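User: I am new to this structure and would like to learn how to read it. Please show it and start with one residue and its surroundings.

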Amino acid sequence: MANENFTDNKCPSCGATLAYDPSTGGLVCSFCGSNVKINTIPAAPGLGYWLQDLQNGTGSHLLKTTNKQIVCGTCGGQFSADQSAISGLCPFCGSNSITVSNCESGILEPTGVIPFKIGKDEAQEIFKNWLSARRLAPMDLTKNTEITNLVGVYIPYWVFDCDTYTPYKGKFGKYYGSGDDRYIKWHKADSVCKMPVKDLTLLASSRLEKDSFWKGVSKFDINFTKRYDPNLLAGFWSESYTIDAPTAWQTAMGTIYERIKNQILKQEDANTSDRLDMKPEATNIRAKYILAPIWITSFNYHDQIYQVLINGQTGYIDGIWPKSYKKFFMTFGLIAGGIVATRILYMLFVQLIQFLQNLGH
């Protein structure tokens, strides 16, 4: 349901801007410290847009907001943020080449939000611990590293639910035995596979979907999704989706096809198949537009910028960092030396055993 009445997020005590606080689950004033409770509602399991409506352009709700639209001229990122979240730098690439304008209409309202659970202070501590644990990093990394930015961003995802009905026929085989005695026992089948698909999640950003760097931090517990409430976004950036649901569904179909194939093998108690003919059909397709939390930070080491991502729900961290070739070769040398030393000790031990055996004779 679209938001007809906007929340201005003003502190009732001093009038300053409020922001969402992950530690309390409410709004906090950064000026006077006042806290304001908010009532969030869990997202209903069946909530979402019918894919057919999105394909036809009917039955959907457009987002109505007073937020600002931010576009980065360097990386092409498109974001929405309230005034309290806007800084002079793009949260993704750190560029100051950003333009700010009134948010344009035409984008769908999110069906749910996974709120930030990891606060900014905790995210900074996670980052520091992660950085200090980089064993192959230069010795002076932590000493000469400066965090240039730490920004909370809601990333867009499409989450699909559907029912599948798949008539199939083919040959199915199961392995028996092992080694040279291994063989396959085949059987034919002509049947139907019924399989529901739930919470199939895909990135809705064309800039990020092909970046393997994002895969590790993009694992969220969908069960904690809240119904869309702009209060949850207060003080944070949120990236607008650039891949619409029908386009994302085309990608999802490939994943669903593989899941159905695996389910058929399981249903036939088989390890492999031959000449498998599948005719999958998907019905009751729901597309949930979810915003999920990521902390984005970067650090400067010897005039080079390195980006690090922290999952705002789980705290999982991944990123790039400078490597020390000196440390690498030292570590490699120690491992190689240990292997050689072990080999020498083993040979000496064998010779000792042989010597003792000869003494016995």
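Analyst: Contact here means heavy atoms within 4.5 Å. Leaving aside neighbours within four places in sequence, Gly 112 is in contact with Thr 225, Lys 226, Arg 227, Tyr 228, Tyr 289, Ile 290 and Leu 291. This is a predicted model, where local features need pLDDT of at least 70 and side-chain atom pairs count only at pLDDT 80 or more, while totals for chains, interfaces and linings use all residues. Residues are numbered from 1 along each chain as its sequence is written, and side-chain values use heavy atoms, with hydrogens and water left out.

User: How far apart in sequence and in space are Gly 112 and Leu 291?

Analyst: They are separated by 179 residues in sequence, and their C-alpha atoms are 6.6 Å apart. Across the protein, residues 24 or more positions apart account for 74% of the contacts with a separation of 6 or more.

User: Is Gly 112 buried or exposed?

Analyst: Buried means under 20% relative accessible area, exposed over 50%, and partly exposed in between, with a 1.4 Å probe and protein chains only. Gly 112 counts as buried because its relative accessibility is 0%. Of the 361 residues of the protein, 40% count as buried.

User: Which strand holds Gly 112?

Analyst: Strands are DSSP runs of E with at least two residues, helices are runs of H or I with at least four, and both are numbered from the N terminus. Gly 112 lies in strand β8, residues 112-113. The protein has four helices and 16 strands.

User: What is Ser 238 in contact with, leaving aside its neighbours within four places in sequence?

Analyst: Its partners are Gln 78, Phe 79, Ser 80, Tyr 154, Leu 233 and Leu 291. Leu 291 is also among the contacts of Gly 112. Ser 238 belongs to strand β12, residues 237-239, and is buried because its relative accessible area is 7%.

User: Where does Trp 186 lie, and how accessible is Trp 186?

Analyst: Trp 186 is in strand β10, which covers residues 183-203. Trp 186 counts as partly exposed, at 37% relative accessibility.

User: How much confidence does the predictor give the protein?

Analyst: pLDDT is the predictor's confidence in each residue, from 0 to 100. The protein averages 81, and 76% of the residues score at least 70. Over residues 1-7 the pLDDT is below 50, and this stretch has 14 contacts in the model beyond near neighbours in sequence. Residues 327-334 also stay under 50, with six contacts beyond four places in sequence.
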